[in-house]
Amino acid sequence: MKLALVLVLLMCKSVLANTVFEAGLLAYNKEDWTGAIQQWESITASGQTSASVEYNLGNAYFRLGNIERAILHYERSLKLNPGDDDAIKNLALANRGIVDQIATAPKLGVWSYLISVRDYFSLGLLRTLLIVSNACLAVIVGVIIYANDRVREIANRAVLLFAGLAVIVLFLYSWRSSALTNPYAIVMVEKTDVYSSPSENSTQLFSLHAGTKVSIGEKLSAWTEIQLTDGRKGWIASDDVETI
């Protein structure tokens, strides 16, 4: 009885979120960017975000000229759906409008390609591929046990194929999970200073501006350790960034 009640409540919550999302689209199509944002942020505030909600929030904030918040939501959308071409293009467009154009530390060609392959797949897709490959392995093992010699020979080769596929998918899943546990953030203030240690009395290393993406490290009191794509590190006020 309790389980049925929970399922009903979840269904109602999902239907309500869809209704609010459609209301946001209606406001957006009327060029009421603020109204659309209010609708969609009510969904995220309830803990029911999605790649589509985050992507549309990015578009609405971009229309308002709030580039840093547009970047934040495009990044969140791509975290949920890494292969979304529209989000990738819009993020690139938004990034052209920020002050800090930071170069990425050079990577070997093969390594860069492997990272692009890893980031193309979502965890959900990799999880599905892993389940399918393991299911195929189970079926093939059953065939090997009960089939005749000729079919068994073919099945043995298939086992090697699907076992190799399962290992590759498992590796990508673990690698992707590890990458997602390393949080990133976006600078949300017009300008913030980066220090050598978590104190304004330490050496000021450089400054960052709104919209810049940073990798988050250790947190200490009101300070967060960050690293840029070019390898520079330092400490920044935690309130000046928002986690993707």
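Reader: How many bridges join strand S5 to strand S6?

Author: Two strands pair if DSSP finds at least two bridges between them. In this predicted model, 5 bridges join S5 to S6 (residues 233-237), and the two strands run antiparallel. Glutamine 227 has lysine 233 in S6 as its bridge partner. S5 and S6 form a hairpin with 5 residues between them. In that turn, glycine 231 has a positive phi of about 100°. Strands are DSSP runs of E with at least two residues, and helices are runs of H or I with at least four, numbered from the N terminus.

Reader: In which sense do S4 and S5 pair?

Author: S4 (residues 213-220) and S5 (residues 223-227) pair in the antiparallel sense, over 4 bridges. At this pairing, leucine 220 stands opposite tryptophan 223 in S5. The hairpin of S4 and S5 has 2 residues between the strands.

Reader: What is the phi of serine 221, and is the residue buried or exposed?

Author: Most residues other than glycine have a negative phi. Serine 221 is not a glycine, yet has a positive phi of about 55°. Serine 221 lies in the loop between S4 and S5. With a relative accessible area of 77%, serine 221 is exposed. Buried means under 20% relative accessible area, exposed over 50%, and partly exposed in between (1.4 Å probe, protein chains only).

Reader: Where is glutamate 31 placed, and what is its phi?

Author: Glutamate 31 sits in the loop between helix H1 (2-29) and H2. Although glutamate 31 is not a glycine, its phi is positive, at about 65°. Glutamate 31 counts as exposed, because its relative accessibility is 59%.

Reader: At what angle do helices H2 and H3 pack?

Author: Angles run from 0 to 180 degrees between N-to-C directions, and helix axes are lines fitted to C-alpha atoms over the stretch in contact. H2 (residues 33-45) and H3 (residues 51-64) pack at about 150°, with their axes 9 Å apart. That angle makes H2 roughly antiparallel to H3. Angles over 145 degrees count as roughly antiparallel, under 35 as roughly parallel, 65 to 115 as roughly perpendicular and the rest as oblique.

Reader: How are H3 and H5 oriented to each other, roughly parallel or roughly antiparallel?

Author: H3 and H5 (residues 85-95) pack at an angle of about 30°, and their axes lie 11 Å apart. H3 and H5 are therefore roughly parallel to each other.

Reader: At roughly what angle do the axes of H7 and H8 cross?

Author: The axes of H7 (residues 123-146) and H8 (residues 149-181) cross at roughly 160° and come within 8 Å. H7 and H8 are therefore roughly antiparallel to each other.

Reader: How many helices and strands does the protein chain have, and what is its radius of gyration?

Author: The secondary structure of the protein chain comes to 8 helices and 7 strands. Its radius of gyration is 23 Å, well over the 18 Å that the globule rule gives for 244 residues, so the chain is more spread out than a compact globule. That radius is taken over C-alpha atoms, and the rule is 2.2 Å times the number of residues to the power 0.38. The C-alpha trace spans about 75 × 45 × 35 Å along the principal axes of the chain. Of the 244 residues, 34% count as buried.

Reader: Which conventions apply to the numbering and to the predicted model?

Author: Residues are numbered from 1 along each chain as its sequence is written. In this predicted model, local features need pLDDT of at least 70, side-chain atom pairs count only at pLDDT 80 or more, and totals for chains, interfaces and linings use all residues, while side-chain values use heavy atoms, with hydrogens and water left out.
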